[in-house]
Amino acid sequence: MAQTALSAVKRTSLGLLALLLMFAVGYPVAAWIGSSVPQNADWQPPDDGIDIMIETNGTHTGIVVPLVNHIKDWRTTFPQMAGARSDGFVPSHLALGWGEREVFLNVPTWADLEASTALRIATIGGDPVMRVMPYVRPAPSEYHRPLRISEDQYRSLVKAIKNGLPTLPEGEVRQMLRGTHPDAAYYDATGNYTLTTTCNSWVGDVLAEAGVAMGSWTPFAGGVMKWIPEPDDEAKR
């Protein structure tokens, strides 16, 4: 009887291990396929328009927009961004990213990520926040890639980003949260962070909604960035 029970436990353990291995292999393959299926495949950057950037650190991606232009003044959405940064410089751009609340607010490095938090995110997901980082004249690089879109596409981009924030009652100011970066502001966001709806899939979805060529599902940073050309050496100067 004991031997039978032990065998059942062993079979269950092996089954779970096989399932984990299948997921570990299948998820990256599915992500690669999903990020390779194009949306807006015929899109081309316009000669004139609004210059934004797509940024990455290899794991996370974000969208860098002008703080103010004739289409959108982001200080009306994020009033806290109207002032100077901690170094005294006034920002010219904002980097906008969407991510899991606990990670953005309380996990400064991947080494600080607790196994229980990672397991929760992997199984049931988590609440999202939007991170807003003030930049001063960010320079083009491999990690900050310029992207020119039309004015109408920028309007669509603004709308898609704002749709990621809860609607405020008239007259209320959006509550700012503090997290791991001293200059960044964090705000409650809509949606649910999961392994299928990640910080990178949010960026991909927002860009696709604006009409930019992008993969259909981009849970990894590489799935987004392979659609954004790296600037040439002249642009990096």
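The model is a predicted one, in which local features need pLDDT of at least 70 and side-chain atom pairs count only at pLDDT 80 or more, while totals for chains, interfaces and linings use all residues. Residues are numbered from 1 along each chain as its sequence is written, and side-chain values use heavy atoms, with hydrogens and water left out.

The secondary structure comes to seven helices and eight strands, where helices (H or I, at least four residues) and strands (E, at least two) are DSSP runs numbered from the N terminus. Of the 237 residues of the protein, 41% count as buried, a term that stands for under 20% relative accessible area, with exposed for over 50% and partly exposed for values in between (1.4 Å probe, protein chains only). Among the contacts with a separation of 6 or more, 77% are accounted for by residues 24 or more positions apart, a contact being defined by heavy atoms within 4.5 Å.

Helix 4 (residues 151-162) has 12 residues, which at 1.5 Å a residue should span 16 Å, and its end C-alpha atoms, 17 Å apart, agree with this; the expected span is 1.5 Å times one less than the number of residues. Within helix 4, the residues Gln-153, Tyr-154, Leu-157, Val-158, Ala-160 and Ile-161 are buried. Seen down the axis of helix 4, the buried residues fall within an arc of 165 degrees and therefore line one face of the helix, the arc being that of the directions from the helix axis to the C-beta atoms. These buried residues pack against strand 2 (50-56), strand 3 (61-66), strand 4 (93-100), strand 5 (128-135), strand 6 (144-149) and helix 5 (199-209). On the other side of helix 4, Asp-152 and Lys-159 are exposed.

Side chains of opposite charge can pair when their charged atoms come close. A search of the whole structure finds seven salt bridges, each defined as a side-chain nitrogen of Lys or Arg within 4 Å of a carboxyl oxygen of Asp or Glu. One of them lies in helix 4, where the side chains of Arg-155 and Asp-152 meet at 3.0 Å, N to O; both residues lie in this helix, three residues apart, about one turn of the helix. Arg-155 counts as partly exposed at 41% relative accessibility, whereas Asp-152 is exposed, with a relative accessible area of 57%. Glu-151, Asp-152 and Arg-155 are linked in a network of salt bridges.

Another salt bridge joins the side chains of Arg-148 and Asp-51 (2.7 Å, N to O). This pair links distant parts of the chain, with Arg-148 in strand 6 and Asp-51 in strand 2, 97 residues apart. Arg-148 is partly exposed, with a relative accessible area of 32%, and Asp-51 is partly exposed at 42%. The side chains of Glu-100 and Arg-120 also meet in a salt bridge (3.1 Å, N to O). Because Glu-100 lies in strand 4 and Arg-120 in helix 3 (residues 115-123), the pair ties together parts that are 20 residues apart in sequence. Glu-100 is buried, with a relative accessible area of 4%, while Arg-120 is partly exposed, with 26%.

Two loop positions were also examined. Ala-213, in the loop between helix 5 and strand 8 (214-215), counts as buried at 10% relative accessibility. The C-alpha atoms of Ala-213 and Asp-42 are separated by 7.2 Å, although these residues are 171 residues apart along the chain. Leaving aside its neighbours within four places in sequence, Ala-213 is in contact with Gln-39, Asn-40, Trp-43 and Trp-227. Thr-218, placed in the loop between strand 8 and helix 6 (221-225), is buried, with a relative accessible area of 2%. With neighbours within four places in sequence again left aside, the contacts of Thr-218 include Ser-35, Thr-198, Asn-200 and Gly-223.

On the surface, Val-29, Trp-32, Ile-33 and Val-37 form a nonpolar patch with about 400 Å² of accessible area together. Patches are made of residues with over 30% relative accessible area and no salt bridge, like charges being joined within 9 Å and nonpolar side chains (Val, Leu, Ile, Met, Phe, Trp, Tyr) within 5 Å. Trp-32 is found in helix 1 (residues 2-36) and counts as exposed, at 58% relative accessibility.

Methods: Accessible areas come from the Shrake-Rupley method with a 1.4 Å probe; for residues, only the protein chains shown count as cover.
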